[in-house]
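Let us walk through this structure step by step. Keep the 3D view open and find each residue as it is named.

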Amino acid sequence: MSENPNNWPLWEIFIQSKRGLEHKHVGSLHAADAQMAIENARDVYTRRQEGNSIWAVLADNLHSSRPEDAESFYDPADDKVYRHPTFYTMPEGAKYI
Amino acid sequence: MTEPINLEEGFQAKIDAELKIEPKDWMPDAYRKTLVRQISQHAHSEVVGMLPEGNWITRAPSLRRKAILLAKVQDEAGHGLYLYSAVETLGTSREKTIDDLLSGKAKYSSIFNYPTLTWADIGAIGWLVDGAAIMNQVMLCRTSYGPYARAMVRICKEESFHQRQGYEIMSVLSKGTEEQQAMAQDALDRWWWPSLMMFGPTDANSPHSAQSMKWKIKRQSNDELRQTFIDRTVQQAEVIGLTIPDPELKWNEGTKQYDWGTIDWTEFYDVVAGNGPCNKERSAARNKAHDEGEWVRNAAMAYAAKKAKQKAA
């Protein structure tokens with residue numbers, strides 16, 4: 001079956017629940033344009049005041065890493081324990097460090 | 001360096017370790033297929049479920065009840081959408097999912113093929129139908145597919161008011177006039193057995209259950225969930241003075257559960273096959289809404305294209 005060209009595109013929706021917090025992915029929806037995506041997101045994802053700000057991103061514009069490459073992709077961070085503060089030995093008695 | 005292992009074994013190992021499966025992860029075709037079928041059926045149920053309740057919005061007995069019912073039906077639309085978007089993460093287009101509902105290829109919960117004859121039916125639906133759905137949905141919050149589990153968490157949060165408003169309706173009616181009490185009892189009589197059928201066939205007759213449990217799509221069997229629902233609901237009926245329409249219902253001190261009668265499975269399979277009281281009406285209503293909305297969908301795209309062009313100019 002060929003896709004109808006009048007099908008509304010897919011948008012991924014991110015909601016900030018409170019000022020000062022990050023926007024978090026909540027799901028997706030279809031809408032003809034960005035304004036409609038944001039208004040639909042309000043109706044779908046914030047019916048109980050769950051949000052303070054909404055981001056809508058065309059799903060086509062969202063790129064992601066490949067889970068099957070995860071092992072090699074994240075490998076460079078594997079052996080660098082010295083990036084964590086607990087790696088270091090502090091002299092006995094030193095305070096506030 | 002780990003030995004390369006068979007994809008399917010690796011997949012099952014993740015499930016066994018309680019790791020969620022995410023959209024871009026490798027998964028067996030049958031897992032994907034089962035999820036597409038189950039989640040889309042679930043989504044369709046939310047959407048078709050708006051019809052029997054929508055029937056009473058204009059005739060709700062007070063402004064308070066009307067506002068509540070509107071909010072509930074609006075929630076059901078939202079729940080349908082959360083689930084449709086979960087299906088879409090499995091690589092099935094929204095158009096295809098909706099087309100399968102419209103053509104009758106896809107199923108939805110048979111409970112919505114029963115009519116809402118009186119106001120008390122709105123009470124019974126909230127109390128029993130949403131009550132039964134919640135049992136299932138609470139379990140699904142821990143399902144192995146990430147997007148499905150996340151949709152379920154959201155739905156469960158919203159759903160608890162649905163059951164409470166229904167029980168409140170029943171409670172008020174059962175304290176009302178003789179006529180109102182009779183109306184509440186009649187609704188319970190008609191909705192009780194179909195609500196028990198919502199949990200699906202018995203474990204012995206549920207061929208896909210074992211695989212779904214192994215993949216942790218399901219966490220509890222149909223019969224377990226059904227029994228818990230009965231044990232909880234009987235007490236709630238007693239509190240409001242209504243009688244469960246099952247002469248064989250009896251507390252069993254040994255099992256600490258209720259023993260109960262037998263579901264009419266002929267009726268169950270008959271309604272699934274399309275011969276329930278409202279199957280045709282529900283399908284016709286969905287098709288009509290879809291057809292009549294087509295020009296709106298097209299106009300919105302034309303308007304968006306025009307605005308984009310103006311912006312570019």
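Begin with one residue, Q38(B). Which residues does Q38(B) touch, not counting residues up to four places away in sequence? The answer is L140(B), Y148(B) and I217(B). Keep in mind that this is a predicted model.

Where does Q38(B) sit? Its place is in helix 2 of chain B, which covers residues 29–48. In sequence, Q38(B) and I217(B) are 179 residues apart. In space, their C-alpha atoms are 9.5 Å apart. Trace the chain from one to the other and you will see how the fold brings them to that distance.

How many cavities of 30 Å³ or more does the rule count? It counts one. The volume of the largest cavity is about 40 Å³. Its lining comes from chain B: I15(B), E18(B), L19(B), K20(B), T143(B), S144(B), K216(B) and R219(B). Sort these residues by class. Four are charged, two are polar and two are nonpolar.

Now step back to both chains. Chain B puts 26 residues into the contact, and chain A puts in 28 residues. Between them, the two chains bury about 2100 Å². Of that area, 49% lies on carbon and sulfur atoms. Which residues of chain B lose the most area to chain A? They are E95(B), R154(B) and M301(B), and together they account for 26% of what that side buries.

What links the two chains? The rule finds five salt bridges across the interface of chain B and chain A. One salt bridge joins E158(B) to R47(A). There, the closest N and O atoms are 2.8 Å apart.

Which helices of chain B each supply at least two residues to the side that touches chain A? They are helix 4 (63–88), helix 5 (94–103), helix 7 (146–174) and helix 13 (294–312). Helix 4 of chain B gives the most, with eight residues. Finally, sort the residues on this side of chain B by class. Twelve are charged, seven are polar and seven are nonpolar.

Definitions and conventions
Residues numbered from 1 in each chain as written. Chains lettered and ligands numbered in written order. Predicted model: local features only at pLDDT ≥ 70, side-chain atom pairs only at ≥ 80, totals over all residues. Heavy atoms only, no water. 1 Å grid on protein atoms, 1.4 Å probe; cavity = no way out; pocket = protein on both sides within 12 Å on 5 of 7 lines; lining within 4 Å. Points joined across faces, edges and corners; volume = space filled by probe spheres on them. Nonpolar A, V, L, I, M, F, W, Y, C, P; charged D, E, K, R; others polar. Contact = heavy atoms within 4.5 Å. Buried area = accessible area lost by both parts, 1.4 Å probe. Salt bridge = Lys/Arg side-chain N within 4 Å of Asp/Glu carboxyl O. Helix = DSSP H or I, 4+ residues; strand = E, 2+ residues; numbered from the N terminus.
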